[in-house]
Amino acid sequence: MIIFRYKPFRGRLAPIITLGVRVGTVWYPLEVYVDSGAVYTVLHARIAEGIGFDYRTGNRTYLQVGDGSFIPVYLHDLEIQVGTERFSAQVGFSEKLGVGFNLLGRIGVFDAFRICFDESQGILTFEPRR
């Protein structure tokens, strides 16, 4: 079991974890908000731009966000690492992601783990499904 403590965000504790994302042959540590309401993992486009990754080569789709509008997201199959567990998942990049954090979504992640949000303790656990 992999255990994460919630991290402070804008004066409150939030289910934010650090994970690894492999782009090409290089692993990058990223902080993501674990969001059970998000279909895909979506990262800010500036991350891809900062490492020279042409995210626009991905499969473009449109995702509906909290205010009801749709944003373009470019999906790529990338390797992710949570704790010591590595797996492939679809990861999207968007220049229109309006929240102040990256999102860890359900597809490819929530089926790889049993995830428990313990709000009262400020703990998030990931139990690999084997």
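**Close-ups of strands and rings**

Ring pairs link F4, F87, F113 and F126 into a cluster. Here, rings of Phe, Tyr and Trp (its six-membered ring) pair if their centres lie within 6.5 Å, with planes under 30 degrees apart called stacked, over 60 edge-to-face and the rest tilted. This is a predicted model, where local features need pLDDT of at least 70 and side-chain atom pairs count only at 80 or more, while totals for chains, interfaces and linings use all residues. Residues are numbered from 1 along each chain as its sequence is written, and side-chain values use heavy atoms, leaving out hydrogens and water.

**View A. Y55 meets F93.** The structure holds 8 aromatic pairs. In one of them, the rings of Y55 and F93 sit with centres 6.2 Å apart and planes at 40°, so we call the pair tilted. Y55 belongs to the loop between α1 (45-50) and β7 (59-64), F93 to strand β9 (residues 85-94), 38 residues apart. Helices (H or I, at least four residues) and strands (E, at least two) are DSSP runs, numbered from the N terminus. Y55 is buried at 1% relative accessible area (buried is under 20%, exposed over 50%, partly exposed in between, using a 1.4 Å probe and protein chains only).

**View B. F87 meets F113.** This aromatic pair is edge-to-face, 5.4 Å centre to centre with 70° between the planes. F87 lies in β9 and F113 in β11 (residues 113-118), so parts 26 residues apart in sequence get tied together.

View C. Strands β4 (residues 16-23) and β5 (residues 26-34) pair antiparallel over 8 bridges; pairing takes at least two DSSP bridges. I17 stands opposite V32 in β5.
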